[in-house]
Amino acid sequence: MLTKILNRYLFILILLLSVPAVRYLFVHGFFGVSDDLHIGWLYEMDRLVKMLQFPPRYVPDLSFGFGYPLFNFVYPLPFYIGELIHLLGFSLINSVKIVFGLSIPFSMYFMYKFLKEFLSKDLALAGSVLYVYVPYRAVEIFVRGTIGEIIAFVFIPIIALSFIRLTGEKLSAKWVGITAFSIAALVLSHNIMAYMFFPFVVILLIARLVLITKNKKRAILFSLAGIILGLLVSIYFWFPAISESKLMHYDTVFNFYDHYPTLKQFITPYFGYGASVAGPYDTMSFYFGLTGLLVVFLGLISFIIKFKRFSKEEKIFIAWGIFMFLVSIFMMNHRSAFLWRTLPLLPYFQFPWRFLSMIVFSSPVFLLGFSKWRFGKTISLIVIVLAIILNFGYFKTSEYLGREDEYYLNRYIPVSVASDEYRKTSEEYLRLPKDTSVRPSDNFPRAYADVPAIKQINEKNDLNAVVITDYKEKFILNYNKYYYPGWFARIDGKKSEIISGKPYGQITISVPEGAHTIEIGYRESPARLVFDLVSLISAGIAAFLITRKPK
């Protein structure tokens, strides 16, 4: 019966199974989460789009109006999606909630497609439901509110599926394009999740190339092409983010040493709406869920019992799942500290418990252990029912706040005047430019100087302005934006040098005596334009590979 429904009404069934997880997103207004600042960031994305800044990078309003190259470092794809929804007429908070909501059925659907490569349709559906209904997924939406990580769950199974197809018997150039877009989408969704997942999926790729693939040369060529093309599609984001990190203070808000969960927290059915703190006193949950624990334990035993009946390809698949599961547990344990100190960029993960996302992804793989038993369909129904019944109660808000856009704009957008709410918050998550020695603590005029030289300021938009000056002596003009690659200045139409002023690292220009017209603005730097072009061409190639008719 379930198989017939899957054949005809797969996506409708997935939508129905998603309802218990998203029902509280239909509550009026927004709810309490750690990262509600994402609503302010979506507002900034909207501002950049309407100023025709493509790709959006430097936002105008953060840090008391000094702005920030936010989307040069922060994953932009969730905000692209949110902006498209917002442009359709939805409020900022509803746009964010819709992004959260869409992540549930789409991640379930693509996980089903991935698992179906090795499992029956019934078990694949059970695995896709288990992929969604674990407490950590509820934490991501209703406790942390992390829009990037929740979107990343959509693209992780697509990448794994692409690598399976590229190393299978029927090789198709279409999957090179799909691989490229899925890798790019994961990088743009959450760069930390991409860095975390990519070593695992490359191990699967190599294992299949060495042990399974017959046409190895063609498979290697297609796989490399997909990976390289995916990195090129997203290079406009990740290359500047890495290369320009040296322009920023090297620091993180949280120290990873303080955020190793204990094994007890992993198996204890606790769910809270608090935070991760040093030691075992966290008031947020790291519980994996009883259904997941049973699937991993019993699935492994079943696999061992029926070991001889599994094909080489199936053994590689479940061995990969076991490897990912165990390595992720180790990376969440304090004994892995030497790796956290050694591996490049790993401290930026900040929270070792982020590896829970890899456990969430790997646990449905253990369902393969049940595939050689006659009661496979019964197991599927049991897993679906238990996963939903035992976990849907976690997918709810902690309290009904009912807050609308105005509350979050007042709290996180300090322009034109910083509110009392904004002054109570901290923007220490923003890694400031190296030349910034003091974080601003108040609003400044758009342009200012120590002498009465400014006669008029004509603002083109919140990043670009024309300043009219007249003074008898040479003076220093300050512009209340952090100096960063992309800013330019012209005095009477001629290019002028910009330096970082003190103490905020603001744009400063040396203006000669007399009357002058000074244009100051932001645009894509020449170096970044090259990467933008590479990404655009690569995306066109990937789209061509997907849509072209096979010979």
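1. In this predicted model, Phe361 touches Met111, Phe114, Tyr131, Ile156, Pro157, Ala160, Phe197, Trp320 and Met324, with residues up to four places away in sequence left out of the list. Phe361 is also one of the residues with the most contacts inside the largest nonpolar core, a set of 179 residues in which Phe114, Phe197 and Trp487 share that standing. The element that gives the most to this core is helix H8, residues 147-166, with 15 residues.

2. Helix H14 (290-305) and helix H18 (376-391) are the elements that give two or more residues to the patch, and H14 gives the most, with six. Leu298, which lies in helix H14, has a relative accessible area of 39% and is therefore classed as partly exposed.

3. Turning to the sheets, four strands form an open sheet in the order E1-E4-E8-E7, with antiparallel pairing. E1 and strand E7 (499-500) stand at its edges, and because each has a single partner strand, one side of each is left without a neighbour in the sheet. Is strand E4, residues 475-482, largely enclosed by the rest of the structure or largely open? Seven of its eight residues are buried, so E4 is largely enclosed.

4. Strand E1 (residues 447-448) is joined to E4 by two bridges, in the antiparallel sense, and Ala447 stands opposite Tyr479 in E4. E4 is in turn joined to strand E8, residues 506-511, by six bridges, again antiparallel, with Thr508 in E8 as the bridge partner of Asn478. E7 and E8 pair over two bridges in the antiparallel sense, and Ser500 stands opposite Ile507 in E8.

5. An open sheet of five strands has the order E2-E3-E9-E5-E6, and its pairing is antiparallel. Here strand E2 (454-459) and strand E6 (494-495) stand at the edges, each with a single partner strand, so that one side of each is left without a neighbour in the sheet. E2 runs antiparallel to strand E3, residues 465-471, and five bridges join the two; within this pairing, the bridge partner of Asn458 is Val466 in E3.

6. Pro433 lies in the loop between helix H20 (420-424) and E1, and because its relative accessibility is 5%, Pro433 counts as buried. What does Pro433 touch, not counting residues up to four places away in sequence? The residues concerned are Leu247, Met248, His249, Tyr482 and Tyr483. Pro433 and Tyr482 are 49 residues apart along the chain, yet their C-alpha atoms are separated by 7.4 Å.

7. The count of salt bridges comes to 20. One of them joins the side chains of Glu459 and Arg446, at 3.5 Å from N to O, and this pair links distant parts of the chain, with Glu459 in strand E2 and Arg446 in the loop between H20 and E1, 13 residues apart. Arg446 is buried, because its relative accessible area is 10%. Glu459 and Arg446 also belong to a network of salt bridges that links them with Arg47, Asp61 and Asp462.

8. A further salt bridge is formed by Glu519 with Lys460, where the closest N and O atoms are 3.3 Å apart. This pair too links distant parts of the chain, since Glu519 is in strand E9 (residues 514-522) and Lys460 is in the loop between E2 and E3, 59 residues apart. Glu519 is partly exposed at a relative accessible area of 23%, whereas Lys460 is exposed at 55%.

9. Finally, Arg528 forms a salt bridge with Glu524, the closest N and O atoms being 3.6 Å apart. Are these two residues buried or exposed? Both Arg528 and Glu524 are buried.

Definitions and conventions
Residues numbered from 1 in each chain as written. Predicted model: local features only at pLDDT ≥ 70, side-chain atom pairs only at ≥ 80, totals over all residues. Heavy atoms only, no water. Buried < 20%, exposed > 50% of the residue type's maximum accessible area, 1.4 Å probe, protein only. Pairing = 2+ DSSP bridges. Core = buried A, V, L, I, M, F, W, Y, C linked by side-chain atoms within 4.5 Å. Contact = heavy atoms within 4.5 Å. Salt bridge = Lys/Arg side-chain N within 4 Å of Asp/Glu carboxyl O.
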